[in-house]
Amino acid sequence: MTAVSDTSAPVPEPLHCAALAADLDAADFRSEPLRRLWGEDADDALGRGMREPILRAIAGDEGVLATLGRLFVLGMPQPSHLVEAAVPRLGVAGLTALGLAEVSAETVVPTALLRPQSFVDADGVGEWWIASDLDEVALGTALPADHVLGVGGASRTLAEIIMPIEVDRALDLGTGCGIQALLVARYAGTVIATDISARALAYAEINARINGVSNITFRQGSMFEPVAGEAFDLVVSNPPFVITPRGDGVPEYEYRDGGLIGDALVEQFIRDVPAYLTPGGVAQLLGNWESRNGASGLDRLSSWVRDDLDLWVIQREELTPLGYAELWIRDGGTTPRDAAFTPLLTAWLDDFAERGVTSIGFGYVLLRRRPVDGSPLRRIETVSQPVSGVGVALRDGLAAHDLLSSGLPVTLVTAADVTEARHLLPGDDDPSVIELRQGGGFARTLSVDPALAAFVGACDGELTVMQIAAALADLFEVPFADLWADLEPRIRSLVFDGFLAPAAS
């Protein structure tokens, strides 16, 4: 028997959610115990769409953890008596009442996945249980249009970039399964989570309840409609930004398709969000932007932003129309072996050609209602290397920008994650290249000259910036004014990028 797709919404009944959480906790239904149960190779294989290695590893195991793993992680039917033993507080009846399973004869058939999801933020490592719709592996077919996605790559990216800042009110627009709302709720007094999909909101509420999070309110509606007239200190969004051709035969998935042409949904968000930000409030979102007929996508995006807003854009990758089309056709579960693939590819390429699209960028956008008397920030860059701790880097970058508005700090220290690399040609005493490398954040690598490298090396919080600069002018036998004119803007950049930081007072 195969798992079935249930198009009805789950039911986030509080007592049932509490009982389910207690059962999952008692079973130690978490990432590491499951990974130990079936092994690292099998666990990694599941991320590539293969569940057979897990099934082989736990074949014949009728224990609680193995039963829950097959039922919730793999989305496979299990005997009723094993499920009853695995969730004794909730029971099979409670599981079906939540809308997470159905009963057929003596078998419990899952209608949803429920997986542990680890996260890392400024406070350390944690884990949530996340319920979502059955995936392609469990369904054995392409996804239905109203599919509610679990924690995918885009969700993990947004979670990585959200700034860990204490706020009173936050908005998660297009919450999906609720993963971002859960993350933001750790720092916000109140979170409003919205979605156009009632099914998504039901999953998000279940996920909040089973994880013991009570400061999230859920509202249904499109874009900013559910929060008309309100303002927030932080707005986060993984909107349905995927560029999908509008036409017969092209499936539209609620979790990724906003129903507009091209990148119009991202443009609409960027133009509308300032009205919903408090003074100094920040919006962070993922998005795509099209380069059209010689106009770069990044330039087009910048033109959507009001002059009184700060803007920081990081483009992570840029795809050709063909590469983009193939990516998202496959994301829906259709492969080149399927008859539907070529018609879908044709529709995508025709759609891009009609608008003169030459490439599609992907990345993340930070907008801020500029503080009173704050200096403007417009930073648009491409960062393709893997990054970690980006949320902290963005937070610290904004703080550094604001600090630099009033001048350089008197004393600086070199960040703990910064290292220096010197490259010498054989036989040379002096390096031909000096690099400063950042271990966290955006993992930037900068080529510097001996004067700037010496300045950074001397920043220990004891000597003032001017004392170091004066010593370097003597060392390199150059007029102080000339050295300072060259160093000062580059020092400011190092402070903004997190290589240097103000010394503790």
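Me: Helices (H or I, at least four residues) and strands (E, at least two) are DSSP runs, numbered from the N terminus. With that in hand, where is S197 found?

Reply: Happy to start there, keeping in mind that this is a predicted model. Strand β7 covers 188-195 and helix α11 covers 198-210. S197 is found in the loop between β7 and α11.

Me: Is S197 buried or exposed?

Reply: The cut-off for buried is under 20% relative accessible area, and exposed begins over 50%. S197 has 5% relative accessibility, so S197 counts as buried.

Me: Which backbone nitrogen does the side chain of S197 reach?

Reply: Setting aside residues up to four places away in sequence, S197 touches V148, Q220 and E254. The side chain of S197 also comes to 3.3 Å from a backbone nitrogen, that of R199.

Me: Which strand does D195 lie in, and is D195 buried or exposed?

Reply: D195 lies in strand β7. Its relative accessible area is 10%, and therefore D195 is buried.

Me: Which residue has a backbone nitrogen 2.9 Å from a polar atom of the side chain of D195?

Reply: Leaving aside neighbours within four places in sequence, D195 is in contact with several residues, including G174, T175, G176 and Q220. One of these contacts, at 2.9 Å, runs from a polar atom of the D195 side chain to the backbone nitrogen of G176.

Me: How many Å separate D195 and I434 in space, C-alpha to C-alpha?

Reply: Along the sequence, D195 and I434 are 239 residues apart. In space, from C-alpha to C-alpha, the separation is 50 Å.

Me: By how many Å are the C-alpha atoms of Q117 and S31 separated?

Reply: Q117 lies in strand β4, residues 112-121, and counts as buried because its relative accessibility is 18%. Leaving aside neighbours within four places in sequence, its contacts include S31, W128 and I179. Q117 and S31 are 86 residues apart along the chain, and their C-alpha atoms are separated by 7.0 Å.

Me: How many disulfides does a search of the whole structure find?

Reply: A disulfide is a covalent bond between the sulfur atoms of two cysteines. Searching the whole structure for such pairs gives a count of zero.

Me: How far away is the nearest cysteine sulfur to C17?

Reply: C17 is in no disulfide. It is also buried, because its relative accessibility is 0%. The nearest cysteine sulfur to C17 belongs to C177, and the distance is 14 Å.

Me: How many salt bridges does a search of the whole structure find?

Reply: Side chains of opposite charge can pair when their charged atoms come close. D263, E290, R292, R300, D351 and R355 are linked in a network of salt bridges. For the whole structure, the search finds a total of 32.

Me: How many residues apart are R89 and D23?

Reply: R89 forms a salt bridge with D23, with the closest N and O atoms 3.0 Å apart. This pair links distant parts of the chain: R89 is in the loop between α6 (80-86) and α7 (91-97), D23 is in helix α1 (residues 14-26), and the separation is 66 residues.

Me: How far apart are the closest N and O atoms of E420 and R422?

Reply: E420 has a relative accessible area of 40% and is therefore partly exposed. R422, at 44%, also counts as partly exposed. In the salt bridge between E420 and R422, the closest N and O atoms are apart by 2.5 Å.

Me: Which residue meets R306 in a salt bridge?

Reply: R306 is partly exposed, with a relative accessible area of 39%. Its side chain meets that of its partner at 2.9 Å, N to O. That partner is D308.

Me: What accessible area do L475, F476 and V478 have together?

Reply: L475 is found in helix α18, residues 465-476, and is exposed because its relative accessible area is 61%. L475, F476 and V478 form a nonpolar patch on the surface, and their accessible area together is about 260 Å².

How values were computed. Residues are numbered from 1 along each chain as its sequence is written. This is a predicted model: local features need pLDDT of at least 70, side-chain atom pairs count only at pLDDT 80 or more; totals for chains, interfaces and linings use all residues. Side-chain values use heavy atoms; hydrogens and water are left out. Buried means under 20% relative accessible area, exposed over 50%, partly exposed in between (1.4 Å probe, protein chains only). A polar contact is a pair of N or O atoms within 3.5 Å; within protein, one must be able to donate a hydrogen and the other to accept it, and residues adjacent in sequence count only if both atoms are side-chain atoms. Contact means heavy atoms within 4.5 Å. A disulfide is a pair of cysteine sulfur atoms within 2.5 Å. Patches are made of residues with over 30% relative accessible area and no salt bridge: like charges are joined within 9 Å, nonpolar side chains (Val, Leu, Ile, Met, Phe, Trp, Tyr) within 5 Å. Accessible areas come from the Shrake-Rupley method with a 1.4 Å probe; for residues, only the protein chains shown count as cover. A salt bridge is a side-chain nitrogen of Lys or Arg within 4 Å of a carboxyl oxygen of Asp or Glu.
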